Amino acid sequence: MCGPAMFPAGPRWPRVRVLQVLWALLAVLLASRRLWAIKDFDKCTWQVVLNEFKRVGENGASDRFFEQELVDTVGNLFHMLVDSPIDPREKYLGFPYYLKINYSCEEKHSKDLVRMGHLTGLKPVVLVTFQSPVNFYRWKIEQLQIQMEAAPFRSKEPCMAEEVCSMSWYTPMPIKNGSVVMHVDVSSNGLGTFIPDERFQVNMNGFLKRNQDNNIQFTVGDELFNLMPQYFVGISSRPLWHTVDQSPVLILGGIPNEKYVLMTDTSFKDFSLVELSIDSCWVGSFYCPQSGFTATIYDTVATESTLFIRQNQLVYYFTGTYTTLYERNRGSGSWVRVLASECIKKLCPVYFHSNGSEYIMALTTGKHEGFVHFGTIRDGQVSFEMLPRQWSVCEEIGASDDLELLYRIPEFIPEARGLEFLMILGTESYTNTVMAPKGISCNPYNHLIFIWGNFLLQSSNKENFIYLADFPKELSIKYMTRSFRGAVAIVTETEEIWYLLEGSYRVYRLFPSKGWKVHISLQLMQQSSLYASNETMLTLFYEGSKLYQLVYLMNNQKGQLVKRLMPVEQLLMYQQHTSHYDLDRKGGYLMLSFTNFCPFSVMRLRNLPGPQRYTRQERYRARPPHVLERSGFHNENSLAIYQGLIYYLLWLHSVYDKPYADPVHDPTWRWWEKNKQDQDYYFFLASNWRSAGGVFIEMDSYEKIYNLKSAYELPERIFLDKGTEYSFAIFLSAQSHSFRTMADLGTVFQLHSQVDVGVVLADPGCIEASVKQEVLINRKAVLFSITLKDKKVCYDQGISGHHLMKSSMTVNVVGSSGLCFQETHVGARMQGNLMVPVFIGCPPGKRLAFDITYTLQYSRLKNKHYFDCVQVDPEMPCFLFRDIFYPFFLIQDLVTGDSGSFQGSYVLLVVGGGPTLDTLKDYNKDEIYRFNSPLDKTNSLIWTTRTKRTTKDSAFHIMSHESPGIEWLCLENAPCYDNVPQGILAPEFFFKVLVSNRGVDTSTYCNYQLTFLLHIHGLPLSPKRALFILMVSVSVFVGLVIFYIAFCLLWPLVVKGCTMIRWKINDIIASESYYTYASISGMSSMQSLRRSRMGSMFSSRMTEDKAEPKEAVERQLMT
């Protein structure tokens, strides 16, 4: 929109217009009189940028978020931290970026402000929220946040001051596998300057790379740095299409006769103008009529990893490089042209992902008109399918039984006859204006459908449509944008902006309007940099629940592209005050009064339960390590250590999925398990300035938060398991005219309130709501207690966080839509209409775990003993084969920290196994049946139980926490039968066990599936092998006995024989020695030797003769 519609303030205005502005200013002052004290402070805002590690401390440094790999730059620092609670042997990594945080106030120097904030105790608190990925088959679905406290850091610029000249606060910018969209919420710790909370989009940009000169450039084209006015001034606005909450990079085309697009990874807080590197060819043919060629990029759609564009009839896509989502080689090297043989007239987005994929639609014309090319995107891979597969919708509609006609649009616009809305029944009268439909839009939460063109039809059941008569038939809607939280913004072909609350029937014109005139006049008088007398709107879009404009401003021949908030509440307030006021004479002067159409004066939410149980938001808290420096400033080493600690905290979270439950249900328990007892010692070192590395790591600063308090507002979303309830109360301070007295027959007068609350459910057959009203006479108020409950009928069972059913609850104070507002320190806020998405199914963050601690205790109690393996493994205790096995399981809530015994039913199956961990084998379906089914006739059962309850087909046993236990069998054809022992110990076996409650448990929507290894020792041998081993053992034993007896009998003979052999050997040796010596020494020596020999022989013979008994001598003489 451009020029004349947005006029400046000046003396040439007509007098009537000046009076209108004066009345509006007076209305604003009167309406805001209660906020004068609140607004008596400077308007300050946070400033957040990304810095690489090497640029920390540099002034003006700002980097783009495209590096996605962890960096190994902090490990050496942790090796220096001796006498610290951390384990230096663990792996600590860092992130490629830091968040640099400052703040600024109007008309004040930012450096002085930051320094003053630090001296007054101000510390920014940063909350990073990781968006869940699309492909839940690859990544776990979870709602994860980490809360950090920013660390002060001196600037590296030269400084003459003793302590500090300029400074900033820094926190690590963590990354997580599967997440490319991050929200960064910055708030104050409550000290120092008051700064309102602010949210920033910090997303990964997979469409950037480094060139040979180490400069960053786009992969999709060339970046342009000169935003010429002719690119934007006077052009028509266009919708911003993307997958809601999943697209890290947004893209916007529509620049006339140029293949330029605007790209942003911060939701247009900053942006780039890029010339796309596409071939820009035009293929015209007789079946694809084209009036002419243009380089304009007409349609743009952004998904989690892929960008789509349409130029003329051609469609291209480009897949970004996201290593956190999939492999590196999935990124495109250039634009890929698809549907080359088709004539595409329109690209249509699918706003929400489903079944682990994103989708897009391409509408055809020419020879295939009536067909839709349905695109599927998963992990960066794109595929298209033409639907319907056999015939065109244009040819077969109304003539085929395969197509269902949901609604037939009337030919003409109905005659409303002064009504706000009209139910289309077919009996109403019609005007002569032909209905010209242009589009259809559906909200998957409340199922509200809009069909629009030069009319607006609304339906909540696809059957009954309501004509909204407030929208003039003279206008034509160009596009709609929805918050999917209950608000709709409409842009017409003439660039008018209209507003609608879903579920209501009034349509409000925001621009041009009286409220807009007041607002633009005030902004120009305040010399706001976000408004100008000549401006062009490029697009209108929702970010969360707030409506934003992307506007090109022209001031003094200088152009500027800005993103600004569309103040819907303020515009409606201005419009109400300028249209409904009275001048009452009070004495000698006139008193200005306003008509308040709101049925209540104050609305508050009360009795709100803790949000985490219903939002499923997991949150960690991590504070920076304490630095042993009196000024409190951190250095590069302490910031790097802070990075490593946050990495390790997130790593503990990611690996906290073990099948064996820890004794303490908390991911950080193992981190500090061994060092918690030395906490006072570490504090003693720090208090005496003796901590290694100059930092003190406080163990309590790294924890998981389970008890978040409600922020006095309804949660962002509600997850309902089977039969779950959510209760809250609405407190309404009623106006004086909102009460009336009623008298029943025979009773006294009673006070009744005319303030009513309605609750609209998108799926009343699945969820129900009850409302209880209580009139508080002494407080002139009404309290409505509301309870939302699941009916247990609309969902079967599903994996945690998968395939959830979308629904919603809308709470509306009757007569308040668009009329009730609350002034806050951050601006006006609409009241009376609340819409909350509801997800029915198994909430994310729940899991089944093997309760090894209680299983061991109960087994020891029932079996009167417990024998572990010889080689003890604390992570996997053993169970004895002959003992009854009593398994117990836990339901662990990773969000709230609850951990309780699983009370439902389940089926236990042995799905794999092996004698060692290296020989584990997964069994096929037939083997699983034979090894686990009580119906098996092949003698293959591994286990049995006395439980009589089985599945419907009697194939498997159904067990629970009250089951009598499991008896191990390992029959003849079972894989654990006749297991050969490895060594002298009894045989062992590892069973791979699957536990599932699917189809047998009616207490929850969750399909719990747990697979874990079970170590069994002491398995028996088969009879044949046992007999063989017995025979071999007996044979060996008998052989040893025989050998011993023979040895004892033969040993004396052996000794005597050995003695004789020894003497003979000695004689031989002596004879040889004698003759050798005689030949060398000569004759004399021989004679002396002979005499000595004879003497020795005679003496020895005499000795032997004396030793012989007398009988032996006599026997010798007789012979």
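Mentor: Gladly! In soluble globular proteins, nonpolar side chains tend to be buried together. Here the largest nonpolar core has 94 residues, where such a core is a set of buried Ala, Val, Leu, Ile, Met, Phe, Trp, Tyr and Cys residues joined through side-chain atoms within 4.5 Å. Buried means under 20% relative accessible area, using a 1.4 Å probe and protein chains only. This is a predicted model, in which local features need pLDDT of at least 70 and side-chain atom pairs count only at pLDDT 80 or more, while totals for chains, interfaces and linings use all residues. Residues are numbered from 1 along each chain as its sequence is written, and side-chain values use heavy atoms, leaving out hydrogens and water.

Trainee: Which residues have the most contacts inside the largest core?

Mentor: They are Tyr103, Ile146, Met173, Met263 and Trp671. A second, separate core of 47 residues includes Leu908 and Cys976.

Trainee: How many aromatic pairs does a search of the whole structure find?

Mentor: It finds 60, counting rings of Phe, Tyr and Trp (its six-membered ring) whose centres lie within 6.5 Å; planes under 30 degrees apart are stacked, over 60 edge-to-face and the rest tilted. Tyr660 and Phe1012 are edge-to-face because their ring centres are 6.2 Å apart and their planes meet at 85°.

Trainee: Are Tyr660 and Phe1012 buried or exposed?

Mentor: Tyr660 counts as buried at 10% relative accessibility, and Phe1012 counts as buried at 3%.

Technical notes:
Buried means under 20% relative accessible area, exposed over 50%, partly exposed in between (1.4 Å probe, protein chains only).
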